[in-house]
Amino acid sequence: MEKSFNKINLINELKERAKELNCLYEIQELLNDKNKNTNEILNGIIQAIPPGWQYPDICKSKLTYKDIIVKSEDFDESKWVLSSDIKVQNDIVGKLEIFYTQERPVCDEGPFLKEERRLINTITEQIGSFFFHEELKSVFEEKKQTQKVGNSEWWIILEMLKKTDPKLLIRISRKMVNYLCWKGIDEAETLFEYFDPANPNDKNQFKETNFPVKAKSESDSLNITEKIIEISNKYLSEKEIFDNISRWIKEDQSGFIVNILGNMGSNFEEISSVIERLFHMQNQGTELSPIRRKNLKTTLIRRLLGDSRDFVNTAKNFLEIDDFYELINKTIYPTNSHGKYGGKAAGLFLSKHILQKSHFSNEHTKNIKIPKTWYITSDGVLCFIKYNHLEDISEQKYKDIESIRKEYPYVTHVFKNASFTTEILKGLSNMLDDFGNVPLVIRSSSLLEDQPNSIFAGKYKSLFISNQGTKNERLEELSNAIAEVYASTFGPDPIEYRHERGLIDYNEEMGVMIQEVVGKKVGKYFFPAFAGVAFSQNNYRWSGRIKQEDGLLRLVPGMGTGAVDRLSDDYPVMIAPGKPNLRVNVSIDELIRYSPKNIDLIDMEERCFKTVKVSDLLYEYGYEYPYINNIISLISDNYLQEIRKIGTNFKKGNFVVTFNNLVTNTEFIKQINSTLNVLEKEFNFPTDIEFAHDGENLYLLQCRKQSFGKIRRPSKIPYNIPKEKILFSAERNITNGTLSNITHLVYIDPQKYNQISDHSDLLAVGKAVGKLNKILPKRQFILMGPGRWGSRGDIKLGVNVSYSDINNTAMLIEIARKQRDYVPELSFGTHFFQDLVEADILYLPLYPDDYGIIFNEDIYNDSPNMFPKLLPEFSSLSDVIKVIDLSSESEGCMLNIFMNENESKALGVLCNEAVETDDTDSETKQSEKIFVKPDPDIHWKWRLQAAEQIASRLDPERFGVKRFFVFGSTKNATAGPGSDIDLLIHFTGDQNQLKDLNSWLDGWSVSLDYSNFLKTGYKSDGLLDVHVVTDEDIKNRTSFAIKIGAVTDAARELKLGTELN
Amino acid sequence: MDNKSYNPFLSAQKQFDKAADLLELNNAARDFLRNPMREFNFTIPIRTDDGSKKIFKAFRIQHNDARGPAKGGIRFHPMETVDTVRALAMWMTWKTAVVDIPLGGGKGGVICDPHNLSLYEQEQVCRGWIRQIVKNIGPNSDIPAPDVMTNPQHMLWMLDEYETITGGRYPGTITGKPLGMGGSQGRTEATGYGIIIALREALKELNIKPENTIAGVQGFGNVAQYAIELYNKMGGKVICVSSWDNKDQKSYAFRKKEGVDLKELIEITDSFGGIDKEKAENLAYEVLDGDKWIEQEVDILIPAAMENQITEENFNNIHPKVKIIVEGANGPTTPEADKQLNKKDILIVPDFLANAGGVICSYFEQVQNNMNYYWTKDEVLSKLDMKMTNAYVSVSDFAKQNKMTLKNAAYVISVDRVARASQNRGWI
């Protein structure tokens, strides 16, 4: 019942929109009909209007234009009226009024819809422009008749303007003067003075341009205009004048656009209406000049999407003002909103356009889709807080992390019980009608996310809702979810993270994205065929043959939650898109053990997010599962076999998720590769995307910078270290880095941890680690523990900690003790791991049972344990948790850790002194170097041209110069913005000539330096670095003379005096 | 890990020396059987996916083919050593001899890590391996099979390369092929069934009726499951099975005094033999600690999980009622525990006899390939029964005659058979 009701509702709305459009078309047709006179047209309009309104039967309209009045039949005024002025060139010349003769329920504006408001405005706008053209036409005709000698068109236009809009005429005159001056016409400069505010002789005239309504000024300006026309006529072609004038008139019409869009302070409503009008105006031939367009769109980008320099620089190349139309139409915002879209929404919106428009794009990237998305502006959360008087909660972030954690459930509770303002609710309701009852995902889109180097990966919530049931139920579910996402702003993890990044004092405004969940309905479930995340840089290489730039893909069947989070003991399929055939799992046993067993989906009947077993799903819905033959393989006779939908019995057989066919038989890998490639190139930064595939199309769900950490230098592994000094060694999955000065060691004994049987004790271990994290000297201790740190599901697999429990450690070590023939899976490539990389916490997996590995258990077991002293309340755990003070233990020893990826070796060594670590400066520089856009080689080219210029103008006889060379960075094409130009001059003249030469070159040097300053902002005493060598120098090969004819890096000779007569 | 000095080949030789002493073999025989007859060392060049060349080191060791073509697997392993392969080849010679099938012993390997190779590259390694050794293998000389990190897919690539070069269809070149591609029926059942056939014969000798016995099984993988199936068919009752719980990282024993229901247990078991603990509890199984399997009041223990399970530390926990231990796994009893158990008069059916069902089935696969006629599962299993029974009886007779344990008898009898074949050919 409810469902059909909703459908009817939706259909009604669509009908309304169709009626409105019909009405608009009909009116447009009337206005363009050349066979009808004005009266007929206006009468036609009056008749065309009522059918476009919600209640046509009781709808009457009345149009007033100057002294003409046209009305519907049986016209009767009432108090329910919607009216809009007709303007010609900003003057009100008439009015259109629409009346309902009977009372109707209250909508947006009395009984009228807000769409109807927009419609009437559009109609009057069009009528206005019709009258404007009519007037133009009549002036034109008039002119033609009075001046037999056919004057040119532009003249007519100006004449017409004189009558109808002298203000505009003056603005155009002014532009013409500018234009003439710019063209270098001296005569115009006298006119220029007329407008010049600094001209003391004629101040009044300047004023008059601002107040042209005064009679005197008008005649004055008309005089000037005539002068201007005279001059223009002399110097410019008719076409040039006409083109310019018509362009200026058009630009002038768009003045309101500039006022709104060019202003960072405009509110959302204003921007929205302008973009909408602009969108419609284009269809009527109104255009903005390219430069104005560029200016406006940059302002728009900064105002709505984000104003980090890199983002704006990229975005302006791919976005047009029109592109915002689609965005704005699907945005919900509070009154007087000054909000933005937030990093996630902006990233996705821009990525979409990059994938379409980049010249690196290909058919693969162009085929990528974006799910239908609605947005709530970032100040929605502030408005929500204010409306519910929750201001106190904003101070939450200044509390200590423990109270934040304790109070977080309360915050969530309060938020979920708070309500939204009616305008937002109305927006949400419209949005739900637009979506229909498809499952939705609510994602946060934080403003802080677009800060350079901050990635709030998984810190804020994304929630799925089934969006089933009655409209009210759906609205309730939706607003609950949004409130929960809002509440996540005040969770402990994001706050901790913001503290660290120095972002805590920024107001956390958070936009919200509401997306259609990609997928298909299969039985009672809804899910995509598969989904996942992809990184353009691979930080977890399971084979030495995989390079960092080969990227990393994590794929799961169904919804992508499992690919992002580390839940329980399930495993996503990992693929390096650059080397798709080198898979992590090779043997059949590995494939069975480490392939995804569960699938996340939405249960449409129970209306909830669910995880079910892949095997159960296949049993029930194998045949309906979209794309299934690309997702699973059959294990039979102990080897993998491809499946085909036909002839596969899903109720029987051992199926395993491999994505083998997806890799070999589809374009998917190419698609992902091109996408990562295009995005990384255009964003100029490693990228991280989330995607889903419904069996037909690949959808991009998210795009952001990949947290990448610093690119660390490999450490030199010391040799000949006595065995008792080595704490551990490792040879698998080693990254680069060096740690020194480690004074404390926190060691969770894997065996003892495994023996804990009480669940609450297991949780207590995590809590104790969180406390140690606060007590121990920051970045001077390391954490060592069994299996996977931060395991959210099966706590036995590793200590249950979250990011804020470990953020002060210098290194996280996961110990994988062999359990029978099985080694626990470590945590590479998850959100948690990403946090480590980003926070610059080193990660090292230890496999103490591997052949030849040193794991000095005595030190862990025999050293005095400080733990009970540090945290007496946890003393019952003191045989599980060991805290060892290395400095007291071994006479001031410190732990140094050396890691070298190329050698695939890591060593933890106890030393008496600290070793030198990489200095952070060079690290950052290195990482910057890698991702700086290949600098356009303007610097050296320009320098080389300058050197050639100097040579060509240098008179060899006058200055006694025999040969002229350039060398160094200019010659080698490596010059940067601050480089000088190295010149080498073979000089054979006398002292006077040398003096002349030097002063001649000094002139060049200073002026080149100035132009370099203008180009780059770099300033020095002179750009030339001149080295003079003599015959003798060359003979003896002394000083710079060796550069001449050198075997390597020889100076390059330039021709002298070619430009002299 | 201070076993750097451990050399598997040296310890295999030591074991052989003991048997040789008992058999009083002459020096020539010892020298001959202590070492492989032929060793092939070669390299396999392949072109990788990115166009570069890569070279892999590979082996084939044919320890002895006096009784028939050499037989043994091919391993892909990055840490492979020639001594491991030598030891395993020798072990195959004794295994084929103890069950008296007309095959010898061999083993091969490639030093490579499949984790570093794409499937296409692995295919090239397989084909490259065949190209290098094609003249020295074949249905009449040496028959490879899958082993560590190789599976039927690799075998099919190898077979295809062999057949391409030799220009015919010779499915008997390689065993372990899938059904329909020359594989044999009964392969999955063979090892588990073989264990129980050996057990049946042992019970016969002790004059115990299987239907009056109770057993405990360690492990619940493929082998254990089929062993229990046949044992149940013979009327025996299993009251306890243990299985590894991957989630908890420990094993549990599942006990039902009135006898476990194989079908219902399989339904709650994953493909690695892990039984779902909660579901088992719901089905009224007692869930005990994994070690408890050994302490049950049973007549028979079948360790079918992994090596070194019955040790000096725990052999005393074995219930006094236990009469027979059938080694389903490889080396489940340590040599020290072995001695103690013999003192207690517990009969141990040794691993390389008890779990030889697999290699017998490979032999059958090859036989069917060579005649290009395929038996039904029943035919295969009844022939398996015959082979296993004969093997057990002859080992047992030998043991009684010479007053030695089954383990020693099995070893000595197989060395004796190989030595005689070599002698009869006039080699030694």
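Guide: Happy to; here are some questions and answers about this predicted model.

Visitor: Which residues of chain B have pLDDT under 50?
Guide: Chain B has a mean pLDDT of 93, and 97% of its residues reach 70 or more. One stretch stays under 50, and the model has two contacts for it beyond four places in sequence. Where pLDDT is low, the predicted coordinates should not be read in detail. The stretch to treat this way is residues 1-5 of chain B.

Visitor: What ipTM does the model score?
Guide: Two scores go with the model as a whole. The pTM is 0.67, and the ipTM is 0.79.

Visitor: Which are the edge strands of the five-stranded open sheet in chain B?
Guide: Let's follow the strand order, which is β1-β2-β4-β3-β5 in chain B, with mixed pairing. An edge strand here pairs on one side only, and that applies to β1 (38-47) and β5 (142-146) of chain B. From one strand to the next, the twist averages 25°. So the edge strands, at the two ends of that order, are β1 and β5 of chain B.

Visitor: What is the bridge partner of B:Arg75 in β4(B)?
Guide: Strand β3 of chain B covers residues 70-76, and strand β4 of chain B covers residues 105-111. The two run parallel and are joined by three bridges. In β4(B), the partner of B:Arg75 is B:Gly109.

Visitor: What angle does helix α3 of chain B make with β4(B)?
Guide: Helix α3 (residues 82-98) of chain B packs on the sheet, where it touches β2 (53-64), β3 and β4 of chain B. Comparing its direction with that of β4(B) gives about 155°.

Visitor: How many residues are in the largest nonpolar core?
Guide: Residues with the most contacts inside this core include A:Ile442, A:Tyr486 and A:Phe691. Beyond four places in sequence, A:Ile442 is in contact with residues including A:Leu463, A:Val485 and A:Ile514. A second, separate core has 87 residues, among them B:Ile195 and B:Met388. The largest core has 123 residues.

How values were computed: Residues numbered from 1 in each chain as written. Chains lettered and ligands numbered in written order. Predicted model: local features only at pLDDT ≥ 70, side-chain atom pairs only at ≥ 80, totals over all residues. pLDDT = per-residue confidence, 0-100. Contact = placed C-beta atoms within 7 Å. Pairing = 2+ DSSP bridges. Helix = DSSP H or I, 4+ residues; strand = E, 2+ residues; numbered from the N terminus. Axes fitted to C-alpha atoms, helices over the stretch in contact; angles between N-to-C directions. Core = buried A, V, L, I, M, F, W, Y, C linked by C-beta atoms within 7 Å. Buried ≥ 20, exposed ≤ 12 C-beta atoms within 10 Å, placed from the backbone.
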